[in-house]
Amino acid sequence: MLAKERVVKVRARYVTKKYDLLVKKSDKVKAIFNPFKTGLPNFWSLKGISFDVYAGETIGLIGVNGSGKSTLSNIISGIIPPTSGELEVNGETSIIAIGAGLRGQLTGRENIRLKSLMMGMTNAQIDQQITAIINFADLGDFIDQPVKSYSSGMKSRLGFAIAVHDNPDILIIDEALSVGDETFYQKALDKMMEFKQAGKTIFFVSHALSQVEMFTDRVMWIQYGELKEFGPTNEVLEHYRTWNKWFKKLGKKEKREYQEEQKQKQKAFTVDMLRENVLTDPQTKYSPTDAKVLTASALSGEKMPLLSKTLMISLGIAWLVLAYISLH
Ligand SMILES: Nc1ncnc2c1ncn2[C@@H]1O[C@H](COP(=O)(O)OP(=O)(O)OP(=O)(O)O)[C@@H](O)[C@H]1O
C-alpha cells in the first residue's frame, strides 16, 4: 500500500490505564469514603502507548501474561476508557473475546438478538441475518440453551459468529480462537481472510506465534504496560522469541525478581514521569500536539487527586459549619 493512500484507523497517543489495587480490607473501607480514590495503591496496566494503525492492516498483539494486551483491546473497542492520553478510532469496532458481552442466563439465540440490537441493528436486519449467524456458530440444539451451559469453545464460536456478521470496520480478536476446535478454527480463519481481503482492519491478540506469523502484517509487542516494539511481523517475532529464550534460561529466583521489578515500576508510574521521559528522551520526536496530549492527560489522570482533595476539604468544612450552626 502506498504511504500517501494510507488512512489511519486507530491512532493512540500516550494511552495509559490505571487500576486501583484494593488489597487490604482497610483500603476497601477507605475507598468507600474516597470517591476519587486518592492515595490508594494503583497499578498502571498501560504506561503510555502510542501508535498508528492503517486501514487494511492486520496487527498482532503479543506479550507475556498480564502485559496489557486485553486492556489495550478493550480500550480500542470502547469497552473501557483510557485513564489518560488520546485515542482516535475511525470506524465501527467489534471485539471477539471469549464470552465477552454474552449473558449467561440467556440462550444463544437470545444473545444473538440482544448483541445485534446493541450493535445498532434493527429487528428486521436481525431476522435476515440470524440464520446465517446460527449456521456459522454451528452449535446445534445448544443455540436454545442458556449460554452459562456452554463450554469456552462454544462461547467463542457464538461470539465470533455474532461479531463477524455485524460487519465491522475494525475487528478485534482477543484470544478467541485459542479455545475452538480445528474445524471452527479453519472456518474462523477463512472468515478473517475474507475480512482482510475486504480491506478491514484487524487486531489479533494471541499467544500462538505461528498464527500471528501466518496472519498479521505488523506486530505490537507489549511488555509490562509498554509498547516495546511495533514493526513488521517477522522482525518483532524474532526479537520476542529471543527475549523469551533469554527469560526461560533465567533461574526461578531471577525470573521472580525480574517480574517483581517490572510490576513495581507499574505501581510507581505516573503521567508526570511519562511526560518527563518524553521531554528528555532525544529519540522521541516530540511535537507540540504531543505536548497538548500530555498536558491534558496529566490533568485528567494525575491532577485529579488535587481537585478531589480540594473538594473533600470543602465538603469537610461545610459539614463542620453545618454541625456548628445546628449545635448553636
Ligand atoms: N480490573 C482490573 N483491576 C486490576 N488490575 C487489572 C484489571 N484488569 C487487568 N488488570 C491487570 O492489568 C494487567 C494487564 O492485564 P491484561 O489482561 O490486559 O493482560 P494480557 O496481556 O491480556 O494478559 P493475558 O495474556 O494473560 O491475557 C495485569 O497485571 C492485570 O492483573
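Mentor: This is a predicted model. Its protein chain contains twelve helices and nine strands.

Start with the ligand. The residues around the ligand are Tyr19, Phe43, Ser45, Gly63, Asn65, Gly66, Ser67, Gly68, Lys69, Ser70 and Thr71. Two elements give two or more residues to this shell: strand S2 (42-54) and helix H2 (69-76). H2 gives the most, with three residues. By type, the shell divides into two nonpolar, eight polar and one charged residue.

The largest nonpolar core has 63 residues, and Leu61, Ile173, Phe203 and Phe204 touch the most other members. The largest share of this core, seven residues, comes from H5. Take phenylalanine 203 as an example. Leaving aside neighbours within four places in sequence, phenylalanine 203 is in contact with Ile59, Leu61, Ser73, Ile76, Ile172 and Ile173.

Helix H5 (residues 152-165) also holds glycine 159. Glycine 159 counts as buried because 26 other C-beta atoms lie within 10 Å, and the cut-off for a buried residue is 20 or more. The C-alpha atoms of glycine 159 and isoleucine 95 are separated by 8.7 Å, although the two residues are 64 residues apart along the chain. For the chain as a whole, residues 24 or more positions apart account for 73% of the contacts with a separation of 6 or more. Buried residues make up 34% of the 328 residues in the protein chain.

Aspartate 138 is found in the loop between helix H4 (123-137) and H5. Aspartate 138 is not a glycine, yet has a positive phi of about 50°. Aspartate 138 counts as partly exposed because it has 15 C-beta neighbours inside 10 Å, and partly exposed residues fall between the limits of 12 or fewer for exposed and 20 or more for buried.

The other residue is tyrosine 224, which lies in the loop between strand S8 (218-223) and strand S9 (226-232). Tyrosine 224 has a positive phi of about 45° and is not a glycine either. With 21 C-beta neighbours inside 10 Å, tyrosine 224 counts as buried.

Methods
Residues numbered from 1 in each chain as written. Predicted model: local features only at pLDDT ≥ 70, side-chain atom pairs only at ≥ 80, totals over all residues. Near = placed C-beta within 6 Å. Helix = DSSP H or I, 4+ residues; strand = E, 2+ residues; numbered from the N terminus. Nonpolar A, V, L, I, M, F, W, Y, C, P; charged D, E, K, R; others polar. Contact = placed C-beta atoms within 7 Å. Core = buried A, V, L, I, M, F, W, Y, C linked by C-beta atoms within 7 Å.
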